[in-house]
Amino acid sequence: MSSTAFPIEEIIERFHLSGNYKDYCTIETGHINNTYLLTFEQDGVLIKRILQKINVSVFKNPDQLMHNIISVTDYLKDKITQNGGNPSRETLDFYKTNDGKYYYQDEQGSHWRCYVYVDDVYSCNSIENPEVFFNAGAAFGTFQEQLSGFPSGELYETIPNFHNTRVRFAALKTAIDENLAGRRETVRDEIEFALSRERDASVVVELLESGEIPPRVTHNDTKLNNVLFDKNTNKAICVIDLDTIMPGSSLYDFGDAIRFGANTAKEDEKDLSKVSLDLGLYEQYVKGYLSTAGAALTQQEIALLPFSAKLMTYECGMRFLTDYLNGDTYFRIAYPEHNLDRCRTQFELVRDIERNYDEMMRITMQAAKK
Ligand code: ADP
Ligand code: GN1
Ligand code: MG
């Protein structure tokens, strides 16, 4: 058994779990929560489960957070069952604690949740087979379509103004003024890049405010490693990381998926010459997404898909830059310049999207005709 820096036995005793705990390993992919893969054994069979420490400095109200997730996954389970699917494979399935809650607060004040590990799947940080990206688009489109009837008034805003790019722009300006980590002078070029695109920050916010594009229940964090692919079929079978499901725009979900998955480089690539938008992958994702979500989208939403890729990349770059200026208090980092490297890749990708904008529009309109 591994020795742990946290009281694992104490935690798992509080959940209704079958089998004997054997061991755990850490999953490092996310930037926000701490995720562990636990193994149990029952009658000679190994059972895997995910244990996750909720980052409560990001998600300040765990009751509201879990209320959202359980309401949505209950709703999805019904839809999946109606479609003849397997609900504990196709959406997240949480264990209750012995006192009927969906998280346990330990004596150190940490908040833990535990859920079913989906077996025989993989998640990835980059695409090797373009068809896999088509499948990711189809899965996020299905996810949005399945939630189209969900009563959005039941959802709390787990992070207020999460994709309000205008508010993100204002937060960057505050960080520039406050210069908390004393790094401002070293990031003059990045600051100038962000400030010069202020007009973009308001576009989607204004269209939502004026009612020109519809609010929808959206995932809001659609990066590639937030979907699980079946090892045998390569189909995207389960959308995970449901912490930010809130009322939003289809454009947030589409744009964020492109930002991460259609980048030819890693999110934190230092060599910016490797960063570009892969138009072939863009096309795959648009086709996959429209194949499932297309019928529900308005013409204006479709026409804004290329812009959404630029917007979400710009927004994410601003968020990394803000965190760098603030002294790295939000995203988990592995080294001191990590957020700056992430910011630079995002802004480089924005530049490439701007260069390829007309072609992205052509691809989108072509895909929408079919
Ligand atoms: P974070 O909020 O920190 O991004 P995630 O909920 O996305 O954390 O989980 C991190 C990683 O753990 C995922 O990218 C995926 O590889 C793996 N993972 C999470 N939940 C499951 C699950 N139910 N089954 C299999 N793998 C999972
Ligand atoms: C975070 O949790 P994770 O790693 O899937 C962040 C997203 C960012 C992303 C950038 C709650 O996502 O908004 O786009 O990092 N999640 C939150 O990689 O802030
Ligand atoms: Mg994640």
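The model is predicted, so local features need pLDDT of at least 70 and side-chain atom pairs count only at pLDDT 80 or more, while totals for chains, interfaces and linings use all residues. Residues are numbered from 1 along each chain as its sequence is written, chains are lettered from A and ligands numbered from 1 in the order in which they are written, and side-chain values use heavy atoms, leaving out hydrogens and water. Helices (H or I, at least four residues) and strands (E, at least two) are DSSP runs, numbered from the N terminus.

**The five-stranded sheet**

- Five strands make an open, antiparallel sheet in the order E1-E2-E3-E5-E4, where two strands pair if DSSP finds at least two bridges between them.
- Strand E1 (20-27) and strand E4 (104-105) are at the edges with a single partner strand each, so one side of each has no neighbour in the sheet.
- E4 is joined to strand E5 (residues 111-116) by two bridges, and the two run antiparallel.
- Glutamine 105 is opposite histidine 111 in E5.
- Helix H2 (residues 62-82) lies across strand E3 (45-54) and E5, at about 15° to E5; contact means heavy atoms within 4.5 Å, and angles run from 0 to 180 degrees between the N-to-C directions of axes, which are lines fitted to C-alpha atoms, for helices over the stretch in contact.

**The three-stranded sheet**

- An open sheet of three strands has the order E6-E8-E9, with antiparallel pairing.
- Its edges are strand E6 (121-122) and strand E9 (236-239); each has a single partner strand, so one side of each is left without a neighbour in the sheet.
- Two bridges connect E6 with strand E8 (residues 227-230), and these strands run antiparallel.
- Valine 121 has aspartate 230 in E8 as its bridge partner.
- Helix H4 (residues 130-146) lies across E6, E8 and E9, at about 45° to E9.

**Helix H11**

- H11 (residues 305-326) has 22 residues and spans 31 Å from first C-alpha to last, close to the expected 32 Å; the expected span is 1.5 Å times one less than the number of residues.
- Of its 22 residues, 21 are buried, so H11 is largely enclosed by the rest of the structure; buried means under 20% relative accessible area, exposed over 50% and partly exposed in between (1.4 Å probe, protein chains only).

**Threonine 158**

- Threonine 158 is in the loop between H4 and helix H5 (165-178).
- Its relative accessibility is 13%, so threonine 158 counts as buried.
- The side chain of threonine 158 reaches the backbone oxygen of aspartate 243 at 3.0 Å.
- Leaving aside residues up to four places away in sequence, threonine 158 touches Phe59, Leu65, Asn68, Asp243, Thr244 and Met246.

**Ligand 1**

- Ligand 1 is surrounded by 20 residues, and the closest are Asn33, Ser123, Asn225, Asn226 and Asp241; a residue is near a molecule if one of its heavy atoms lies within 4 Å of it.
- An oxygen atom of ligand 1 is 3.0 Å from a side-chain N or O atom of glutamine 52.
- A nitrogen atom of ligand 1 lies 3.0 Å from a backbone N or O atom of valine 116.

**Ligand 2**

- Ligand 2 has 17 residues around it, with His31, Lys223, Glu267, Arg319 and Tyr330 the closest.
- An oxygen atom of ligand 2 is 2.7 Å from a side-chain N or O atom of lysine 223.
- An oxygen atom of ligand 2 is 2.6 Å from a side-chain N or O atom of glutamate 267.

Notes
A polar contact is a pair of N or O atoms within 3.5 Å; within protein, one must be able to donate a hydrogen and the other to accept it, and residues adjacent in sequence count only if both atoms are side-chain atoms.
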